[in-house]
Amino acid sequence: MDTISYRTEFPNAQQVEHEWVVIDATDQVLGRLCAKVAKLLRGKYKPSYSPNVECGDNVIIINADKVRLTGKKMTDRIYLNYTGYPGGQRELTPEVLMNKSYNKHIKPGIHPLFVRVMKGMLPKNRIGRRLIENMHVYNGPNHPHEAQNPKVIDINKLK
């Protein structure tokens, strides 16, 4: 029996091919959309997935301002963060984070609400911090990544 032919191949960072995909977030539920985007960023839809290698795709999300939350979560859900100083606990709602995305001082491609939700769905380590940089979110239908020839995918077809 030849055991070399049964050897499992693990990809390394040089062998992985990163694709660019565009996702339209119009009328999508935020949490369900981000769960599928997290799988795309990790590379779990690829047969060569390895948990210790960054093998996911670069994801461009357009029409992020048309995403929806079910129920009254847009105004009633509270995200907490702490500055580290006494009395420094801050409360934010998804509505406030959505309004911050229109701020001209925030770097294009960064959407505070999507970053907050995605950080909870990615690993809390070095790879997770690198993967969040592969997500680019824009409020309108336009994006500046046409040179990468991204392919448009329907997020509803993914499991």
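**Reading loops and strands**

A: In this predicted model, we can begin with Asp-27, which is exposed because its relative accessible area is 55%, and exposed means over 50%.

Q: Is Asn-63 buried or exposed?

A: Asn-63 counts as buried, because its relative accessibility is 7% and buried means under 20%. Asn-63 sits in the loop between β2 and α2 (73-76), and it too is not a glycine but has a positive phi, of about 60°.

Q: How should I read strand β1, and which strands is it joined to?

A: As a general idea, side chains in a regular strand alternate between the two faces of the sheet. In this model, 4 of the 5 residues of β1 (residues 20-24) are buried, so the strand is largely enclosed by the rest of the structure. It runs parallel to β2 (residues 58-62), to which 5 bridges join it, with Asp-24 standing opposite Ile-62 in β2. From β1 the chain passes through helix α1 (residues 30-42) to β2, in a β-α-β crossover that is right-handed. A further 2 bridges join β1 to β6 (residues 151-152), also in parallel, and there Val-22 has Val-152 as its bridge partner.

Q: With which residues is Ser-101 in contact, leaving aside its neighbours within four places in sequence?

A: Those residues are His-111, Pro-112 and Asn-139. Ser-101 itself belongs to the loop between α3 (94-100) and α4 (112-121), and at 13% relative accessibility it counts as buried.

Conventions: Residues numbered from 1 in each chain as written. Predicted model: local features only at pLDDT ≥ 70, side-chain atom pairs only at ≥ 80, totals over all residues. Heavy atoms only, no water. Buried < 20%, exposed > 50% of the residue type's maximum accessible area, 1.4 Å probe, protein only. Pairing = 2+ DSSP bridges. Right-handed = clockwise from strand over helix to strand, strands pointing away. Contact = heavy atoms within 4.5 Å.
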